[in-house]
Amino acid sequence: MAVNPLADSEKLPVVFLMGPTASGKTDLAISLTQNTACEIISVDSAMIYREMDIGTAKPNADELARAPHHLINIRNPDESYSVAEFCQDANQLIDNIHARNKIPLLVGGTIMYFHALQFGINELPAANQELRERMNRIGKTQGWNVLHQKLTQVDPESAAKIHPNDSQRIQRALEVYDLTGVKLSSYHANQNLVRADISILNIGLFPHQREQLHANIAHRFDNMLEQGVVEELIALRQKWQLNMHMPSMRCIGYRQLWSYIENDIDREQMRDQAIAATRQLAKRQLTWLRHYPETKLIDPYISSTEQIKLEIIHQLQPTNC
RNA sequence: GGGUCGGUAGCGAAGUGGUCAAACGCACCUGGCUGUAAACCAGGCUCCUAUGGAUUCGGGGGUUCGACUCCCUCCCGGCCCA
């Protein structure tokens, strides 16, 4: 029952290549650019940061020269980004790439970004730092259940869906209400804006052998250590005014390295914790993929890169001739 | 060889006669996810023919209505003395 969304020739093709960390997405994508007229758009909430190269497993300079990636190195480590910004950026790039008669190849592991791009998001107010800080103070001193109760007053529908411990979502729901006077649940009741002019081919790299994935993850982190992630973070801390609450420093690896540099944990703990956190990330990504609609799942440990490439190229044929 | 402390679920660690299949933390598994998402959160985690049952707390034996908890013995580990 493989759906072929690209059969409709009226629509322009877009490829989504999704997968958990350490599943070989980047290599596959770069390889694909050699065979098809496509341009890569990175879908990765960590690779957006400049100077965070080793720890985010960015393609190296060589690879980037061979296969340019859009949406990499677009923020400084003390800045932030959001799904909505991603959708804007990605949509614009998709148009540009189509104008060049190429196929946009979106590659990455931030599955929520893919999801938002494909299925749309509502028009919501942007984050408000002051408000968040104020709520954080209340949450810490009085407990988040106080804020959850407040949410129950102003937006019972959202409150019912959000667990009293889920500080981040309580915060956002209240933020939306405070900023606009409109309930988040009311926004959600509106239709999402989904573009109708493209057809998306969803490919998910899905390693079924968890043990092998775990081994790859451990191996990859050891490589990062060898390549000097520790030094990378030390340099970042010298150059920028960073703190561990910034989105960039909450990235896996960096947060553990931060504690290590601060002498809160030793090197072995740092390594173990970073690797475990990466495994947990991969598991969450797999959860997304298992339930992502109309996606062709391919096991990268069973199919070779060549086979997967052929499969993707095959799926693209109908509109590509 | 003598003394002493200790051996609890994958790991760490509570429990010291019943309310214990065994707190708590970690790992692991499953799931959720609309402007922080590499984030944030939830559930599960001995086995089974499962709103109940069976077998667990180093091994064996004993005391007791009843033991992870008390006694004996054996094995293993740490520390101290020789």
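What follows is a conversation about how the descriptions of this predicted model are reached.

Biologist: What should I keep in mind about numbering and confidence in this model?

Modeller: Residues are numbered from 1 along each chain as its sequence is written, while chains are lettered from A and ligands numbered from 1 in the order in which they are written. The model is predicted, and local features need pLDDT of at least 70, side-chain atom pairs count only at pLDDT 80 or more, and totals for chains, interfaces and linings use all residues.

Biologist: How do you know that the buried residues of H11 line one face of the helix?

Modeller: The buried residues of helix H11 (residues 229-239) are Val229, Glu232, Leu233 and Leu236. Seen down the axis, they fall within an arc of 95 degrees, so they line one face; the arc is that of the directions from the helix axis to the C-beta atoms. The face turned away from this buried side carries the exposed residues Glu231, Ala235 and Gln238. In general, an α-helix has 3.6 residues a turn, so residues three or four places apart point the same way.

Biologist: What do the buried residues of H11 and of H12 pack against?

Modeller: Those of H11 pack against helix H10 (210-227) and helix H12 (254-261), contact being counted if the C-beta atoms of two residues, placed from the backbone, lie within 7 Å. In H12, the buried residues are Tyr254, Gln256, Leu257, Trp258 and Tyr260, and they pack against H11 and H13.

Biologist: What makes E3 and E6 the edges of the sheet?

Modeller: Six strands form an open sheet in the order E3-E2-E4-E1-E5-E6, with parallel pairing. Strand E3 (69-70) and strand E6 (296-298) each have a single partner strand, so one side of each is left without a neighbour in the sheet. Two strands pair if DSSP finds at least two bridges between them, and strand E2 (residues 38-43) and strand E4 (residues 103-108) have six, isoleucine 41 having leucine 106 as its bridge partner in E4. Seven bridges join E1 to strand E5 (residues 198-205), and four join E1 to E4. Methionine 18 stands opposite glycine 204 in E5 and also opposite glycine 108 in E4.

Biologist: How do you know which residues are near RNA strand B, and which element gives the most?

Modeller: A residue is near the strand if its C-beta atom, placed from the backbone, lies within 6 Å of it. By that criterion 50 residues surround RNA strand B, the closest being Ser45, Ala46, Ala84, Leu124 and Ala127. Helix H3 (83-99), helix H8 (167-180) and helix H13 (267-291) are the elements that give two or more residues to this surface, and H13 gives the most, with eleven residues.

Notes
A residue is buried if 20 or more other C-beta atoms lie within 10 Å of its own, exposed if 12 or fewer, and partly exposed in between; C-beta atoms are placed from the backbone.
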